[in-house]
Amino acid sequence: MSHWNDEHASSYDEQWGELNFHQQIPQLAGVQPGFNIVELGCGGGYLSVCLAQSAQHVRVTALDPTPKMIALAKERQDKAGLSNAQLQFFAAGAEALDVSDNTQDLVIAAFSVHHWQNPDKSMSLVFSALKPGGKIWLCEDLNAPTEGSLEVHANLKALDGLKSLLQNSGFVQLSHTLHHSHEGDFLVVEAFKP
């Protein structure tokens with residue numbers, strides 16, 4: 001997502017930065033007290049804050065490669081009164097995920113996989129980061145456009161592309177659901193590290 005500039009970031013955040021659906025994600029993704037969570041493509045951090053506030057002693061590491069997004073996210077973190085022990089932001093893409101192997105309970109990528117610069121490498125890093133039995137939770141808006149000035153992997157906005165990426169990376173127990181609301185039609189795909 002390094003091809004995003006400040007204008008893209010501000011425009012995206014204004015339109016999609018705070019969705020009611022974001023508030024549902026911690027429960028949908030099964031966040032539990034004490035979870036270590038990575039969020040990839042955190043944008044302006046609204047979901048990151050929801051995750052950090054969703055259960056006791058949750059630790060969220062949130063990545064986005066766009067400095068403007070990280071600045072917006074840190075503003076939301078400050079407003080919510082969350083410490084760096086609860087929520088930490090890093091200006092980095094999914095392909096630069098740098099956490100210890102087998103330490104994360106949950107990795108979330110909401111509306112971001114199709115922007116990853118190197119999906120195969122990124123998913124391999126996600127797989128390594130997760131504890132055995134850990135879960136990846138992906139969400140894509142089926143109605144969002146794939147054309148425009150930003151590079152998009154259109155195949156990763158569809159179930160077949162996401163399933164293939166996950167299976168090739170070693171994930172098992174793939175499942176998917178559709179969530180329909182006035183905000184969009186959201187495809188959710190979950191899988192586990194054996």
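This is a short tour of a predicted model, selection by selection. Residues are numbered from 1 along each chain as its sequence is written, and side-chain values use heavy atoms, without hydrogens and water. Local features need pLDDT of at least 70 and side-chain atom pairs count only at pLDDT 80 or more, while totals for chains, interfaces and linings use all residues.

Start with the strands (DSSP runs of E, at least two residues, numbered from the N terminus, as are helices, H or I, at least four residues). Seven of them form an open sheet in the order 3-2-1-4-5-7-6, with mixed pairing (two strands pair if DSSP finds at least two bridges between them). Strand 3 (87-91) and strand 6 (172-181) are the edges; each has a single partner strand, so one side of each lacks a neighbour in the sheet.

Next, select 36-40 and 104-110: strand 1 and strand 4 pair in the parallel sense over three bridges. Ile37 has Leu106 of strand 4 as its bridge partner.

Helix 6 (residues 159-168) lies across strand 5, strand 6 and strand 7 (184-192).

Then show Phe21 and Trp137, the residues with the most contacts inside the largest nonpolar core, which has 31 residues (a core is a set of buried Ala, Val, Leu, Ile, Met, Phe, Trp, Tyr and Cys residues joined through side-chain atoms within 4.5 Å; buried means under 20% relative accessible area, with a 1.4 Å probe and protein chains only). Helix 3 gives the largest share of this core, six residues. Apart from it lies another core of 24 residues, among them Leu40, Leu97, Trp116 and Ala129.

Methods
Contact = heavy atoms within 4.5 Å. Axes fitted to C-alpha atoms, helices over the stretch in contact; angles between N-to-C directions. Buried < 20%, exposed > 50% of the residue type's maximum accessible area, 1.4 Å probe, protein only.
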